[in-house]
Amino acid sequence: MVSQWSASKTALDRAQRSIGGGVTSSVRSSVKPHQIYFASGNGPRIVDIEDNSYIDYVLGWGPLLLGHAHPQVGAAVKAQLDRGTLFGGGNLTEIVAAEKFLAALGWAERLLWSNTGTEAVQIALRLARSHTGRDVVIKLGGGYHGWHDTVFASVVVYGGGGSAIPHSAGQPASSLADLRVGLYNDLDACAALFAAEPGRVAAVLVDPTSSNTGSVVPAPGFLEGLRRLCDEHGALLIFDEVVSGLRLGLAGATGRFGVTPDLATFGKAIGGGLGASAVAGRADIIDLVTRDTVHSGTFNGNPLAMAAVDATMDVLSADGVYPQIENTSRTLVEGIRAAAAKTGHTIAVHGIGATALVAPGLPEITGPDDFITADWHWWDDLLVPEMLARGVYLLPHGRLFLSTEHGPAEVAETVAAFAEVFAMLPPPRVTS
């Protein structure tokens with residue numbers, strides 16, 4: 001058992017005197033018992049400021065698909081650091097990284113570099129509106145597409161009839177005027193939104209696996225149906241793969257499910273721990289930036305980030321990397337599922353690619369509608385602190401991110417910790 005994080009609590013108290021809320025991203029305030037402060041990480045493990053070591057399934061909230069301090073990424077970034085960090089012009093690495101990333105995707109013709117997932121989604125929507133001459137965007141309930149006012153809506157509260165429900169004070173109602181909300185895995189609901197506003201829909205924006213609210217495989221025919229609806233109505237299909245990109249495989253959701261979007265956004269894992277994102281897709285759409293569609297950003301194509309992308313693609317393109325990740329994920333999922341069954345607790349456990357999900361109180365989870373009914377109090381307030389005390393660092397709301405560096409030893413230790421905690425906790429509230 002590790003210490004009870006008194007140094008981290010002292011650091012948080014200090015931070016609150018200079019940083020709003022004491023955290024640099026609002027979601028970190030939801031971590032129980034409180035935000036932990038870390039000193040270092042290596043491979044699948046992370047070490048806090050009291051020298052407690054943890055198996056890390058947070059992985060920077062998703063970006064560290066190669067684990068902490070990967071030597072190949074580190075060497076590339078250090079070499080670039082010696083050459084310079086920002087030039088205000090082009091650098092050859094941004095071209096090499098783009099070529100490797102597009103080759104890995106296999107379907108996209110061009111890309112644009114940016115820095116965060118939120119930025120990538122915004123330029124994708126701007127391109128869609130420019131290309132179609134329309135304003136309305138359909139997103140799917142449960143999808144998180146960044147914190148920007150125009151899309152930060154209906155993530156965990158959906159509303160009805162296509163209405164978008166904002167998730168933050170300070171969002172003006174006007175910012176959501178052109179956003180409509182369909183239901184994930186419900187083609188009829190999406191078709192009704194198209195029918196209600198003929199000729200006005202610019203794009204459908206969808207996270208193919210509902211990464212933030214379920215991490216599920218889309219129902220058979222769902223993505224194909226969205227593709228068909230967009231084609232029938234002259235709209236674009238945009239996959240938001242900021243979370244799932246590279247975690248589903250080198251070719252992302254298209255490689256996994258066989259459906260090709262017009263545009264797709266990527267972030268998190270592509271930068272190997274540095275800030276990098278991209279929107280990739282059809283050349284005729286991306287090339288609108290050469291005419292009247294503005295895409296700006298001082299740090300776009302930052303040489304340090306591009307070096308990290310370049311190295312990340314090299315590591316992930318090696319033979320055997322993805323089968324190993326899939327095997328690790330499968331072993332972890334089966335182990336946690338067996339531990340839950342032994343206690344008799346009702347807990348859904350599944351995985352896809354390099355992501356797993358544990359949903360307490362549910363026999364299974366098929367999408368956001370199931371996700372929001374799980375007993376997240378049981379997970380966040382009861383289980384997470386107990387797992388942390390046993391050296392396993394977990395996210396709120398059930399997601400576990402895996403890296404190439406997690407192996408049999410980490411999985412065995414993690415499953416043993418889950419089994420111990422499941423046995424000591426009361427069962428989660430079961431949703432019928």
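Three strands form an open, antiparallel sheet in the order β11-β12-β14; strands pair if DSSP finds at least two bridges between them, and strands (E, at least two residues) and helices (H or I, at least four) are DSSP runs numbered from the N terminus. The edge strands, β11 and β14, each pair on one side only. Neighbouring strands of this sheet are turned by 15° against each other on average, direction ignored; axes are lines fitted to C-alpha atoms, for helices over the stretch in contact, and angles run from 0 to 180 degrees between N-to-C directions.

This is a predicted model: local features need pLDDT of at least 70, side-chain atom pairs count only at pLDDT 80 or more, and totals for chains, interfaces and linings use all residues. Residues are numbered from 1 along each chain as its sequence is written, and side-chain values use heavy atoms, with hydrogens and water left out.

| Element | Residues |
|---|---|
| Strand β11 | 347-352 |
| Strand β12 | 355-360 |
| Strand β14 | 399-401 |
| Helix α12 | 376-389 |

Three antiparallel bridges join β12 and β14, and A356 has L400 of β14 as its bridge partner. Helix α12 packs on the sheet and touches β11, β12 and β14 (contact: heavy atoms within 4.5 Å). The direction of α12 makes about 105° with that of β12.

The whole structure has one cavity of 30 Å³ or more. On a 1 Å grid over the protein atoms alone, a cavity is a set of points where a 1.4 Å probe fits but cannot get out, and lining residues have an atom within 4 Å of a point. The largest cavity holds about 60 Å³, a volume being the space filled by probe spheres set on the points, which are joined across faces, edges and corners. Its lining residues include R247, I352 and T355.

Technical notes:
1 Å grid on protein atoms, 1.4 Å probe; cavity = no way out; pocket = protein on both sides within 12 Å on 5 of 7 lines; lining within 4 Å.
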